[in-house]
Amino acid sequence: MKITDVQAILMSCPLPEPLRLPFWCGEPTILKRDAMLIRVKADNGLVGYAPGPAHERAAREIQNVICPFLIGKDPRQWAEFDFKGELEITKTYRAVEIALIDLAARYEGCALSELIGGRKRDRIKLYGSAGMYMSPARFAEEAAAIAGMGFTAYKMRPALGPEQDLETVRLMRQAVGPDVGLMIDAHSWWRMGDKSFSPETIFEVAREMAKYQPTWLEEPLPPENHAAYRQLRSAKIVPIATGEHEHEEAGFTDLIETGAADYIQMDVCCQGGFAMGQRIFASVARRGLRFAFHSWGTALEVLAAAHLGICWPAEVVEWLEFPCYSNSGRPGTYPFPLADEILREPLAIERGDLIVPKGPGLGVEIDERVIEKYPFIPGPWSFFRIDSPPETVAVTGDHSVKWVAATPP
């Protein structure tokens, strides 16, 4: 079996109208959502798939460098390929590697998870992730709705200022009761320009939030400031989560080995793939910490992460993020129908757990009709306007990058 083609297919799903979401120091505008489908073909007609980093640089890297490197190779030998490149292109290669493993597993007639360590379980715990820039009452309403869908935890993004953020957490806990987990993703607290929370405010807000027993407080500080994370975690106020903005493995190692967080997070598609994930899990296990996948894209991204996660016990790899989009009238954030339609059949979710399929490869069928249905629209998918000092930044499909400088849309 030989590889004959490697493609990176970018797609865009525009919102019906730009979504503007005022917050404490400005306004984000969401225009669309992007996705990448990686497709690897072999001379025997088999095809392997993977989700990829949904941005143009990665697509060029796959077309111009990674594809020529892989043509003619046997995908069953994926573990022996010695790809060399700069850090960013190597991370892109690791996403392509998932498609190689999918192809090899389809040939062998086994689940992808069996080729990357062997599954230890058949299910992984999901948390419903939505909650963007709403009133406290709306956050509480959405938390209850997502808990009503069967998810055992809900993640939201506070951005209303200290008092209103605390009121939001209070109302959410009141709405869902004591048994539903609440994850507070504070990524916006350091996007607020002059209104960014000071370390003192963060400690104070964390102490008040602790009364409502959040599962974790995520990225309350600039992600590169590991020393500040160590200081916050050492106070033992609430569990701390971070990791999705680490640029290289050394950053994860420092977070883990120096005790900067309770939950380590990583995006398989953007930050290093399966092999690096396995090394991070081993370090997490050795230090008695927990791991939680970042996944803010399509159902295919969720599934790829799940196959890796079930190769470890739940005491190590505990959570998998499930983005809740308001597709087909479901509770959640803005609509992103491509996220569902990329799979011919929906993922199997039972009592808040994803049941990982046992069929060959990823165990699902890709619906390639999405390729023509959602042609790619160049440019960032959202913009953040900061009022003071005046600044506009953009969010791209590379989740390891906080933002990039941008011209307002």
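**A close look at one helix**

Modeller: Happy to! Please keep in mind that this is a predicted model. Residues 24 or more positions apart account for 73% of the protein's contacts that have a separation of 6 or more. The secondary structure comes to 13 helices and 16 strands. For its 409 residues, a compact globule would have a radius of gyration near 22 Å, and the protein agrees with that at 20 Å. Along the principal axes, the C-alpha atoms fill a box of roughly 60 × 45 × 40 Å.

Now to the helix I would pick, α2, which runs over residues 87–108. From first C-alpha to last, the 22 residues of α2 reach 31 Å, close to the 32 Å expected at 1.5 Å a residue. How many residues of α2 are buried? The count is 16 of the 22, so α2 is largely enclosed by the rest of the structure. Here, buried means under 20% relative accessible area. For the protein as a whole, 59% of the 409 residues count as buried. Just after α2 comes glycine 109, with a positive phi of about 75°.

Conventions:
Residues are numbered from 1 along each chain as its sequence is written. This is a predicted model: local features need pLDDT of at least 70, side-chain atom pairs count only at pLDDT 80 or more; totals for chains, interfaces and linings use all residues. Side-chain values use heavy atoms; hydrogens and water are left out. Helices (H or I, at least four residues) and strands (E, at least two) are DSSP runs, numbered from the N terminus. The radius of gyration is taken over C-alpha atoms; the globule rule is 2.2 Å times the number of residues to the power 0.38. Buried means under 20% relative accessible area, exposed over 50%, partly exposed in between (1.4 Å probe, protein chains only). Contact means heavy atoms within 4.5 Å. The expected span of a helix is 1.5 Å times one less than its number of residues.
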